[in-house]
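Open the model in your viewer and keep the selection tool at hand.

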Amino acid sequence: MRYSQYLLPTTKETPADAEIVSHQLMLRAGMIRKVAAGIYNYLPLGLRSLRKVEQIIREEMNRAGAIELLMPMVVPGELWRESGRWDKYGKELLRLKDRKEGEFCLGPTHEEVVTDIIRNTLRSYRQLPLNLYQIQTKFRDEIRPRFGLMRGREFIMKDAYSFDVDEEGANKAYEKMFQAYCRIFERCGLEFRAVEADSGAIGGSYSHEFMVLAESGEDAIVSCDSCRYAANIEKAELASPAGETPPPAQELRRVLTPARRTIEEVAAYLKIPVTSLIKTLIMHTDKGEKVAVLLRGDRELNTIKLCRLLDCTWVEMAPEEVVLALTGGPVGFSGPVGLKMRILADQEVRLMGDFTVGANEKDWHLCGANLERDFQVERFADLRSAAAGDDCPRCSGKLEIWRGIEVGHVFKLGTKYSAAMGARVLDDKGEEITLIMGCYGIGVGRTVAAAIEQNHDANGIAFPLPIAPFQVMITAVNPNQEMIREAAEKLYGELQDLGIEVLYDDRDERPGSKFKDADLIGIPLRVTVGERGLKNGELELQERRSGVRTMLPVTEAAGRLAALVGNGLA
């Protein structure tokens with residue numbers, strides 16, 4: 001492809017509304033352009049990378065035995081009502097009506113549609129197992145679309161759905177998809193972790209997220225330094241601490257803590273470590289339930305774990321007026337002593353004694369508080385977020401914290417959708433059985449953006465070879481000079497004949513401007529054709545990621561470049 005004839009609108013300035021590196025660089029490199037909040041045009045350069053990812057996905061899904069189909073983006077509301085998600089999914093589901101007042105939605109995911117296909121198509125266990133997938137546009141009406149392709153409203157997604165007659169078959173399907181996902185992200189040239197995760201709005205009993213490691217990642221993940229355990233911070237289990245509750249060694253006493261509301265302020269004022277304080281959080285749920293949750297002062301509540309314990313959809317801090325009505329004191333001074341409500345505590349609290357808590361009165365705390373003697377806890381459970389250095393729940397190792405970007409998610413759905421929508425077949429005894437499902441998603445655009453977050457420098461993108469829009473870039477320093485133009489054209493033709501994807505910068509621009517654009521768009525191999533090198537019968541090769549420069553004999557350049565591309569060494 002000749003640069004002069006290509007739509008590649010690079011820019012020097014960073015757009016003001018682009019907050020993260022991938023968003024900034026995709027806009028500057030002319031890969032995408034914004035149409036509306038969370039909705040983008042994929043320009044030619046960006047589309048080439050997307051198609052590369054799609055091709056890798058297709059090859060590995062087909063290798064794993066999945067079959068491609070295509071389902072509609074506009075979905076009848078009646079299917080979503082059958083599954084029970086029409087009212088439960090939330091405002092992210094964009095609902096609309098046609099001219100006949102029929103209700104539809106723009107599909108954010110396609111469990112209902114594929115289940116409808118299966119229930120109207122399959123009759124016998126002999127037609128199973130089956131795994132269907134598509135690569136298609138989705139829409140989720142995010143309240144705050146941001147970060148470019150990381151959290152858009154319209155996006156390209158690969159979603160697959162498996163159907164089996166029993167748990168054994170469902171487990172095999174899940175494992176096949178798990179391994180396929182590992183191959184996909186390895187082939188994309190990405191450093192990633194597969195972590196245990198919460199199933200969220202999709203539902204199901206078990207799931208893993210595939211996270212590309214990047215400092216800019218919006219998700220925290222934990223992994224063990226000794227074994228293969230890894231989990232999203234929302235899901236990460238914590239080992240139950242061994243030991244007994246210590247007996248009281250202090251009397252309970254009230255202490256004045258004027259205007260000290262936060263744990264850090266109280267600890268500093270009383271000259272005690274934050275680990276000797278217990279924070280009391282007054283929470284309320286979507287069911288109207290109100291509970292007090294106790295945590296060690298330096299710990300953070302994991303609301304996903306609390307939701308799971310309380311069997312609710314959401315839980316959040318109670319408003320100040322509710323806290324005042326329930327405890328008698330303002331926010332920042334809540335404590336468990338004398339509290340007339342359900343009290344839950346993180347399992348770590350069970351081993352604490354003689355700690356400091358709020359006194360349920362403005363400007364006062366209680367020191368020397370102890371379990372059993374001063375208050376009762378209804379239940380101890382794993383309720384906090386994991387932290388670096390925590391014990392691994394699987395072995396004797398320690399947990400490490402990473403930042404990651406979710407690019408894929410695999411779920412064991414069980415019969416959540418098949419039971420609700422009547423997806424059944426006859427077994428070998430002629431009896432009806434409900435199918436067991438799994439679902440498996442990859443964000444295509446998100447994968448490209450995550451690759452850029454992981455592979456860039458101060459000058460621009462440094463694409464991994466497998467998903468780079470082009471493999472080689474030829475930069476003619478001065479294409480108006482006959483010797484340079486002829487050498488560049490010859491190399492361009494030779495590389496095309498060898499099947500190499502090449503972008504030829506034939507523009508009549510200053511060399512410095514061309515080099516800056518080359519660094520910005522991140523093609524793995526750049527060949528500079530200049531007068532100085534040609535006089536010595538050579539061309540300069542620069543590897544984008546390493547910056548290493550090598551002189552290639554003109555007569556060997558095409559073959560050497562083809563070998564590098566073929567070996568994946570760029």
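Which helix gives the most to the lining of the second largest cavity? Select residues 482-497: this is helix H12, which gives 4 residues to that lining. Helices here are DSSP runs (H or I, at least four residues), numbered from the N terminus.

The model is predicted, so local features need pLDDT of at least 70 and side-chain atom pairs pLDDT 80 or more, while totals for chains, interfaces and linings use all residues. Residues are numbered from 1 along each chain as its sequence is written, and side-chain values use heavy atoms, without hydrogens and water.

Now select Ala487, Lys490, Leu491, Glu494, Leu539, Val554 and Ala557, which line the second largest cavity. A cavity is a set of points on a 1 Å grid over the protein atoms alone where a 1.4 Å probe fits but cannot get out; lining residues have an atom within 4 Å of a point. The space inside is about 40 Å³, the volume being that filled by probe spheres set on the points, which are joined across faces, edges and corners.

Next, select Met473, Ala518, Asp519, Ile523, Arg526, Gln542 and Arg544, around the largest cavity. Its volume is about 50 Å³.

Go on to cysteine 392. Its sulfur is 3.6 Å from the closest cysteine sulfur, in cysteine 224, too far for a bond; a disulfide needs the two sulfur atoms within 2.5 Å. Cysteine 392 is buried, with a relative accessible area of 4% (buried means under 20%, with a 1.4 Å probe and protein chains only).

Last, select cysteine 188, buried at 0% relative accessibility. The closest cysteine sulfur, in cysteine 182, is 12 Å from its own. The whole structure has 0 disulfides.

Definitions and conventions. 1 Å grid on protein atoms, 1.4 Å probe; cavity = no way out; pocket = protein on both sides within 12 Å on 5 of 7 lines; lining within 4 Å. Helix = DSSP H or I, 4+ residues; strand = E, 2+ residues; numbered from the N terminus. Buried < 20%, exposed > 50% of the residue type's maximum accessible area, 1.4 Å probe, protein only.
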